[in-house]
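Colleague: I'd like to learn how to read salt bridges in a model like this one. Could you walk me through some cases?

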Amino acid sequence: MANGLRRLSAFLTALVASATSVQAYGFPDCVNGPLAKNAVCDVTKDPITRATALIAIWTDEELTNNTVNASPGVPRLGLPAYNWWSEGLHGVARSPGVTFASSGPFSYATSFPQPILMGAAFDDPLIRAIATIVSTEGRAFNNAGRAGLDYWTPNINPFKDPRWGRGQETPGEDPFHLSQYVYNLIVGLQGGLDPKPYFKVVADCKHFAAYDLDNWEGVVRYGFNAVVSQQDLSEFYLPPFQSCVRDAKVASVMCSYNAVNGIPSCANKFLLQDVLRDYWGFTDDRWVTSDCDAVQNIFSPHNYTADPAQAAADALLAGTDIDCGTFSSTYLPDALQRGLVSTADLRRAAIRQYASLVRLGYFDPTASQPYRQLGWSDVGTSQAQQLAHTAAVEGIVLLKNDGVLPLSKRSRKLALIGPWANATTLLQGNYQGVAPYLISPFQGAQQAGFEVEYVLGTNVTTRDDKSGFPAAIAAAKRADVVIFAGGLDETVEREEVDRLNVTWPGNQLELVAELERVGKPLIVAQFGGGQLDDSALKKSRTVNAIIWGGYPGQSGGAALFDIITGKAAPAGRLPITQYPAAYAERVPMTDMSLRPSATNPGRTYKWYSGTPVYEFGFGLHYTTFGFSWAAPGADTDADASNNTNASPDFGGPSPSYSIQDLVAHGRKNAPFLDLAPLDTFRVRVTNTGKVTSDYVALLFVSGAFGPAPHPKKQLVSYTRIHGLAPRRSTVAELPVTLGAIARADESGAKWVHPGTYTIALDTDGTLKHTFTLTGRAEKVADWPSDSN
């Protein structure tokens, strides 16, 4: 069966063979071309009016031909071909719409860490800054004819199941965290909040909806039916999409391969019309694309329709405007002839696409558009390279440390062992471009001034071959410190490949055990998107430290050794739960429910009924911190030695709030009631140790409010403090909205309930406050009824 991943792989293979052959993107000639007198070229008119004027002169054949990602355009009108499919997950990436030069200008783009590691930074301004650079470089590539203007990123499906192969593409498991991340990412990519007159680039939130299974135990995404309650859709699977669409005003959305409650997502009117357009306000200058070949999958293997033409018609009528593939252009002519769709239906989809291109300045004079002036000098700048390095440093998580880190300056000779020890392209993960450079851990160690002996030892998936062990043991004996760099890679986690377990693959832990017996200080650097059961490493007294590094991007090796040497202090937090191995045996990936049951131990930190190896939000530091509640207006930065840490007259946050007062205030002042404020909680953070460090303040809420069962806790706010020096203090401001503390009922509507609430700072609840909400329960968000 044809599928989008195979199409992308075939494209990349062909690209390598013809790297010097580039078909540049063109722009319509609105001065002397056939469209010069058409209203689409009239910059005084609105985008939909302009697009409508263009599409009104297309024939039926031209309409059906242009329903696919590789649009042929309309040559008779001087409308160039256009590929809607460019990628930019963590930097401009190889894809059908993007072509890198073999050398020289446009031969590379900045390669940031994978989103799973960027999510671990819990730093929203960082995410916006990264997105701004990605869109700048994307525009520069477009101006050179090497990329489109539409980037099919980000992946914002919550990373619910640790076995999912594409979890590396997401920021983590928590929907509140993802919602804040994606808001900042979209604003950075698109050039502002629904910017006028021009989008910088168009982003695409995917995969809508409830998609987090690729290929598990013979269950394949193309035909999988995700059975999801409205409560779980509203509370877990869709909040990141609401933030992306309603709040950040993304210009496109991708419908997913899977069905939701029996209806393929790309033919699902409840999702694409009732929720997306009617409820969230996705307007007609924005469009929906299918995932690649997902329209074809409506017919097979979903078997939702009796024939291909009906599948193409169902997708179009439900709201899928672009088919990534060729299925729609092949079968919509038949659907049109049979009356399954109308010319008006085809025009509606085309108007949405080209209204978006109008908003990208596609038809407007180059000289009047600042984004059209970007070029090669704006790609891979020193600022971009420093930000890629910073992102990797900020995301790295210290899981265990008995004091061996940061390394003593007396430790100069390292044995660097394992399948990640000399990793280069592996640092990037998937959906990657060509990086300007790739700093492996081996290079990072050398740049840090160490004498390094590198030994592979074993590969990620090697099981029975221990022939590399003796060399690794010998190197360890000669070293002052041993670092094992391993974990996961794309042989075991990637698109179309889910894991069957969460144990360390191959014989990596056997090699680590032998390294432990050498008796030298031993650090395990664990890489990969998904988590592994580190129970044995955590318990072992001869494993001195564990670091998790995700897929850290072009500067990954340098960032790793910044942490190891203490040049930078670790402050990343796990954006996902690390489960014990038994978890994978207790719940199938096909079970989409969140709450614990007889056949499900519960999903994510909110609902998991067992004990995690390392919990969501966990992360160690090289220093210590003190915390206290701060009064509104308290000095932000202070010297703790001057006693400004204390607020003796401040009794703490409010002990009580009236629900009706909060709602009344929200209705007057907030764009949506779920965004109305509860309060801003201020925490004075004091560095009580000896090392300058960042600190991520995570604020959780818990309590027996709303429908049972109740989550163990849920994240309601976070922020990152930067560079807090010893004996200095600062105030972390943590705003909490009504939506953050609301609970969804069985219909999906969200309510704020009266009751007792406890907010707690950090995973260990080091600072707590209990308050009550008084009055009657109030609905802060409706939820559409699924007419399907």
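Colleague: Glad to start with an arginine: is Arg595 buried or exposed?

Modeller: Arg595 is buried, at 13% relative accessible area; buried means under 20%, exposed over 50%, and partly exposed in between, with a 1.4 Å probe and protein chains only. This is a predicted model, where local features need pLDDT of at least 70, side-chain atom pairs count only at pLDDT 80 or more, and totals for chains, interfaces and linings use all residues. Residues are numbered from 1 along each chain as its sequence is written, and side-chain values use heavy atoms, leaving out hydrogens and water.

Colleague: Which residue does Arg595 meet in a salt bridge?

Modeller: A salt bridge is a side-chain nitrogen of Lys or Arg within 4 Å of a carboxyl oxygen of Asp or Glu. Here Arg595 pairs with Asp232, at 2.7 Å from N to O. The two lie 363 residues apart, Asp232 in helix 7 and Arg595 in the loop between helix 20 and helix 21. Helices (H or I, at least four residues) and strands (E, at least two) are DSSP runs numbered from the N terminus. Asp232 is buried too, with a relative accessible area of 5%.

Colleague: How many salt bridges does the structure hold?

Modeller: It holds 39. One of them joins Asp321 and Arg277 at 3.4 Å, N to O. This pair links distant parts of the chain, 44 residues apart, with Arg277 in helix 9. Asp321 has a relative accessible area of 2%, and Arg277 has 8%.

Colleague: Which residues are linked in a network of salt bridges?

Modeller: Arg166, Glu169, Asp214, Arg221 and Glu495 form such a network.
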